[in-house]
Amino acid sequence: MVDVEKVLDEAGLTNPHVRDYVAYWAGVTGAERVEVVSATDDERLLKESLEAGELLPVTGGRYYSRSYSKDTARSEERTVVATSNPEDKGVYNNWKPAEETVKTLTERMTGASKGKTMYVIPYLMAPVGSPLETYAAGVELTDSRPVVQQMIRMARVGIDYINNLADPSSFVRAVHVTGDLPNLGQGTDKDQRLFATVADQRTILHFGSSYGGNALLGKIAHGLRQACYDGRASGKFLAEQFLLLNIKDKETGEDFHVVGGFPSASGKTNLSMTFTPDALGDRYEVSFYGDDIAWIWVGEDGKLYAFNPENGVFGVAKDTNEGSNPGAIKGIEEGSGAIFTNVAYNEKTQEVWWEGKTKHHPDDLDGWIDWKGEKIANRIADELGDPWAHPNSRFTIPISRVPNAAADYNEPAGVPVDAIIFGGRTRDREPLIRAIGDVAEGVYDGLTLGAEATFAAEGVEGQLRYDPMSMRPFLAYEEGDYARHWLKIIGEATDKPAFAHVNWFQRDPEDGHFLWPGFRENVRALLWLKAFQKGEVKGRETAVGVIPTQEELDLRGLDLPQEDLDRILNIDVERWKQEMGFREEHLNQFNLPEEIWEAHKRVAAAIDEA
Ligand code: GDP
Ligand code: PGA
Ligand code: MN
Ligand code: MN
C-alpha cells in the first residue's frame, strides 16, 4: 500500500479534507503510487509521457496523443446527474439516485487503478479572487498522465488553490478512473462506462474513458454540470456552455461583450478566437475571454457579469487553417506546447494533419498514421476516402497562447455582459441574425435552440435536435426550474442584455453550399447587433425578431450572390409555422414557468399573422 500521508506531507498538501479524500480514493482504486501535481510539473510529466510512448513528439515542442478508438467523444448516454432529490430529474439530465450511483461507481473503481499512479490535481475554475471562487475549487484524481497535462492547460492547477480555502471542506471531489478501455463494451448493452456528477455531494465520479470531454473533470463536469447545480442551489449564478468575447471599437473606445451558447462543434471556439475581416479596416478588435464556458452573475452594481472559469482552449482541429481561424493556427504554432488528440501523425517527420488543415492531404503518404494509429500507406481501396483525423480531433492550449486573448481575461471581477446570443448548425429557417427585444422571449429562444447533432458527442451527425441554451448535455436539474432560474438571474439585472439568435450554417437547398461565408465574417453580424442595441440601426421587424436590412449590414469586401443574401436576411414563414408545432411538443416535456409559454404564444401568434 502506498503511504499517502507521507506523499501529501512531502507535497505540502495541508488541507485535512483533501487529505482524507485522497487517502480514501487511493484505497478504493488500489493505485500503486500517489503524486500531487501542479502546473510547474508540466515539463517533467511531458518528458515521462514521451518516454512511456503515451505521447509522441510533434515538431517544435508539441505533442500528439491518441485516445482509444471507441473513446473519442463525450458519451451523453453514459453521463448522469445524481442527487438525493428526485425533483431534480429532468428530461435531459439522466437523473439517478445519488446513493446507488456512488455505490455502482465505487464498485467499478475498486482496484481499477492497480499498478498505476493516481495523480492529485488541485485546481480552480475561476480567476483568483472572483466573487464565485467558493464554487470553483476542486481536486481531480486521475490515473492518466495525459489527463494531467491537458488539465494543466485547461485549468489553473496548483496546491495553493486548495490549501487556503475559506471553507476547507468546500471543494469538488472529482475522481477519474480510466478503466480497461478495450474491455468496457462501449456502445453495447453491457457498456461499463459511467460518468456521474453527484451534484448534491459535489462529487464527480467518471469511469471508463480517457478522452478529454469525459476525463477533464474540472472543465466538463465541474465547470458546467456541477456549477449549473451550484448556481441554482445558491441562487447566485448561471453556468453555461457559452463563449465570451469582446468587440472593441477603437475609435470610440466602446466595448461590446458577448456571451454565446452554441452546441458542441458549432463554432464557439472559432468565433471567440476570430479576427475581424480585413475589409473592415482596423477599427474593431475582437478579444478572446472564453470558448466554452461562462459563469454569469449579477454584480453589486446591478449589471450582469461573466467570466470564463477555464484557463485554456480545447478546440476542434477539423477545418482549422489560416483562413478559417488564424488565431488558432498562431496559438498552436511551434513552441506553444500544444497537445493534439486524434489527428493524423507522421512518425518520420513528426508533423500533424487533419481534414481542412490544407486543401488536400499530404501527397507523400510515407510515415503517416491515421487517428486509429493505422498506416495510411497500407489502406486498402475501400478505406482511401476515410478521414485521416477523427472529426472530433482536438488541440489543447492555454489561453496565454491565444493571440487575441483579452488583457483582462484573468480579472476576477469579470466583464459586463452586453449581449447573449444563441446559435447552432441549422441548415434552413434560421436567418443570419435576429435580435430579440424581450427578456422572456430571449430566454424562450435559448430554450428552443435547435441544431444539428455533431461529432463532439456520440450520435448521429446532421440530425436536428433541441438543445436548450446549448446545455442539453450539461443540465443538472429539471428544465422548468432551469428556465425559472434564468428568468430570476436576468430579472435581477438592472441593465438587461440584448438577446439574439445567429446562424452561420444555412445552406442552399439545391447544392448544399453554405449561404454565408462564416468564420471572420461573422463579426459583421455582431457589429450589426451592437449598432441595433445602441439604436443606430432599426432593422426590419419580423415575427421572430428584428433582422438587419441589407444596407445596415456592413458587407464591404464581400461578394455574395443576391439570392443567398435574400435567404439569410429573410424568414421562411412556412417552415417557421411547422417549427412552432415542434417547439410546442418540445416545451411540453418540461414544467415551464408561465412567462415562457406566454413568449411562445406571442411568437406563434405573430407567425400566424405573417
Ligand atoms: P465549438 O465546438 O462550438 O467550439 O465549435 P468550433 O469553433 O470548434 O467549430 C466546430 C467546427 O465548425 C469546426 O470544424 C469549424 O471549422 C466549423 N465552423 C466554425 N465556425 C464556422 C462558420 O462560421 N462557418 C462554417 N461553415 N463552419 C464553421
Ligand atoms: P466544444 O467543447 O463545445 O468546443 O465541443 C468540448 C465539449 O463540449 O465536449
Ligand atoms: Mn463544449
Ligand atoms: Mn470549442
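Tutor: Thr72 sits in the loop between strand S3 (62–65) and strand S4 (79–83); strands here are DSSP runs of E, at least two residues, and helices are runs of H or I, at least four, numbered from the N terminus. This is a predicted model in which local features need pLDDT of at least 70 and side-chain atom pairs count only at pLDDT 80 or more, while totals for chains, interfaces and linings use all residues. Residues are numbered from 1 along each chain, chains are lettered from A and ligands numbered from 1 as written, and side-chain values use heavy atoms, without hydrogens and water.

Student: Why is Thr72 called buried?

Tutor: Buried means under 20% relative accessible area, exposed over 50%, and partly exposed in between, with a 1.4 Å probe and protein chains only. Thr72 has 8% relative accessibility, so it counts as buried.

Student: What makes the pair Thr72 and His390 a polar contact?

Tutor: A polar contact is a pair of N or O atoms within 3.5 Å; within protein, one must be able to donate a hydrogen and the other to accept it, and residues adjacent in sequence count only if both atoms are side-chain atoms. The side chains of Thr72 and His390 meet this at 3.1 Å.

Student: Which polar side-chain atoms lie 2.7 Å from an oxygen atom of ligand 2?

Tutor: An N or O atom of Arg74 does, and so does a polar atom of Lys268. For Asp292 the distance to a ligand 2 oxygen is 2.9 Å.

Student: How do you know that helix H5 is largely enclosed?

Tutor: In H5 (residues 145–154), 9 of the 10 residues are buried, so the helix is largely enclosed by the rest of the structure. Among them are Val147, Gln150 and Met154.

Student: What makes a set of residues a nonpolar core?

Tutor: The members are buried Ala, Val, Leu, Ile, Met, Phe, Trp, Tyr and Cys residues joined through side-chain atoms within 4.5 Å. The largest such core has 183 residues, of which Val22, Trp295, Ile420 and Trp486 touch the most other members. A second, separate core of 5 residues includes Trp353 and Trp368.
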